[in-house]
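Here is a short tour to read alongside the structure on your screen. Keep the view handy and follow each part in turn.

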Amino acid sequence: MATPLRNIVVVGGSYVGKTAAQELARRMPDTHRVLLVEPHSHFHHLFTFPRFAVIPGHEHKAFIPYTGIFANTGLHHAVVQARALSVQSHQVHLDREWQGSKNLPFDYLVVATGTRLIPPGGMTRDDKLSSVDYLQKHQAYVRRSRSILIAGGGAVGVQMATDLKERYPDKEITVAQSRAQLMPGFHEELHRLVKDRFDELGIKFITGARVVIPETGFPTNGQSFKVSLTNGTQLTTDFVILATGQIPNNTLLRDLPSTSTSESVINPDNGYIRIKPTMQFLDPQYSHLFAVGDIADTGLRKAARPGAAQAAVVAQNIQAMIEGRSPHEVFPRMPAAIHLTLGMKYNVIFRNPNVDEGQTGPSVLKQDNGQEDMNVEAFWQRLGVNITNTKEYHL
């Protein structure tokens, strides 16, 4: 009789979660299988959402089948389309049955649930058709609006503002940012760079004032309305786009008891999972549980690049534990960096100074090589889905 496979469960199939699952599948012995638990039917290519919520014709390309995730790494690994409701020490409780049970046992767990973004930065539905429909409706709201207010001056807000003004130069575009500068968390040089681009395109912006969001939300009927700011001023606009930040996806851990009397599993100050440098949960009872990417309390900027490095650390440490060795790989600390689009073609790769290396100024690479669909075909290929006919983008 064959010995049952031992499970390594990764919860969350976005950029970092899928990378962690792939790294684990590549390293694990035949005695173990990797199960990627993800409620979405398709991979959500979040980086394209700000563009595709404005520019029509590509929105269906933002949702990629998971069929190629474990290509060439063994048939026993699998994507489990389900929502993880809660975690216990050695099992995950799902919202639907998989192979006859809603309880999924594991030897090791990797939490990669990330953060929630307000639409259009993130989608609220799990199926592709509903999400494509949302983006198409958002495009229609944009087209019929003469003036648009974007609440939030981070990456999503900045990218949408520049795309909007470049595609619709006659529309009035305003960005309201609660912080003192655009793109907070980065060296002030990025604020100046974005400001120059806004001035070039004719985008208005306000800093130091937050948009007051009514409980019922903003109208979407195309008629002008008043919007209040926390500095006491009011603006008139036809449409408001929310780009106001990230909310940790930590609810699945709400019932996981902590063995520490002083520290909970979740950091109450920010909602992220407390971890060791090895990416293991800080609570010693849960050394077989790991957190990676945006949900991990690393102190680093939330982004895919540092998350990918963390995924490799997690895979190496779980491999070590399976082989009877102590986990010793630690996640690298790196300065905040971003690849930021500032229009259809113009984009910049920006990295904060690495003070550990004695740098005093940021690294800036300006480019004019962007594509309207953000070279999305290449990302389909990276996920193991090769396109031979454009109709396949609708799969």
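## A three-stranded sheet

Three strands form an open sheet in the order β6-β7-β8, and their pairing is antiparallel. Strands β6 (84-88) and β8 (101-105) are the edges, each with a single partner strand, so one side of each has no neighbour in the sheet. On average, neighbouring strands here are turned by 30° against each other, direction ignored. Please keep in mind that this is a predicted model.

Let us look at one pairing in this sheet. β6 and β7 (residues 91-98) run antiparallel to each other and are joined over four bridges. Within β7, Q91 is the residue that stands opposite Q88.

## Helices α1 and α6

Two packed helices are described by the angle between their axes and the distance between the axes. For helix α1 (residues 15-27) and helix α6 (residues 304-322), the angle is about 30° and the axes are 8 Å apart. Angles under 35 degrees count as roughly parallel, so α1 is roughly parallel to α6. The crossing of α1 past α6 is right-handed.

Which residues make the contact? From α1 come Y15, V16, T19, A20, E23, L24 and R27, while α6 brings A304, G307, A308, A311, A312, A315, Q316, I318 and Q319. Sorted by class, the residues of this contact of α1 with α6 are 10 nonpolar, four polar and two charged.

## Helices α4 and α5

Now for another pair of helices. Helix α4 (residues 155-167) and helix α5 (residues 188-201) cross at roughly 20°, and their axes come within 10 Å. That angle makes α4 roughly parallel to α5. Is the crossing of α4 and α5 left-handed or right-handed? It is left-handed.

On the α4 side you will find V158, A161, T162, K165 and E166, which meet V194, R197, F198 and L201 of α5. The contact of α4 with α5 has five nonpolar residues, one polar residue and three charged residues.

## Aromatic pairs

How many aromatic pairs does the structure hold? There are 11 aromatic pairs. One of them joins Y141 and F239: the pair is tilted, with 5.5 Å from centre to centre and 50° between the planes.

Y141 belongs to helix α3 (residues 128-144) and F239 to strand β16 (residues 239-242), so this pair ties together parts that lie 98 residues apart in sequence.

How values were computed:
Residues are numbered from 1 along each chain as its sequence is written. This is a predicted model: local features need pLDDT of at least 70, side-chain atom pairs count only at pLDDT 80 or more; totals for chains, interfaces and linings use all residues. Side-chain values use heavy atoms; hydrogens and water are left out. Axes are lines fitted to C-alpha atoms, for helices over the stretch in contact, and angles run from 0 to 180 degrees between N-to-C directions. Helices (H or I, at least four residues) and strands (E, at least two) are DSSP runs, numbered from the N terminus. Angles under 35 degrees count as roughly parallel, over 145 as roughly antiparallel, 65 to 115 as roughly perpendicular and the rest as oblique. A crossing is left-handed if the near helix is turned anticlockwise from the far one by less than a right angle, and right-handed if clockwise. Contact means heavy atoms within 4.5 Å. Ala, Val, Leu, Ile, Met, Phe, Trp, Tyr, Cys and Pro count as nonpolar, Asp, Glu, Lys and Arg as charged, and the others, Gly among them, as polar. Two strands pair if DSSP finds at least two bridges between them. Rings of Phe, Tyr and Trp (its six-membered ring) pair if their centres lie within 6.5 Å; planes under 30 degrees apart count as stacked, over 60 as edge-to-face and the rest as tilted.
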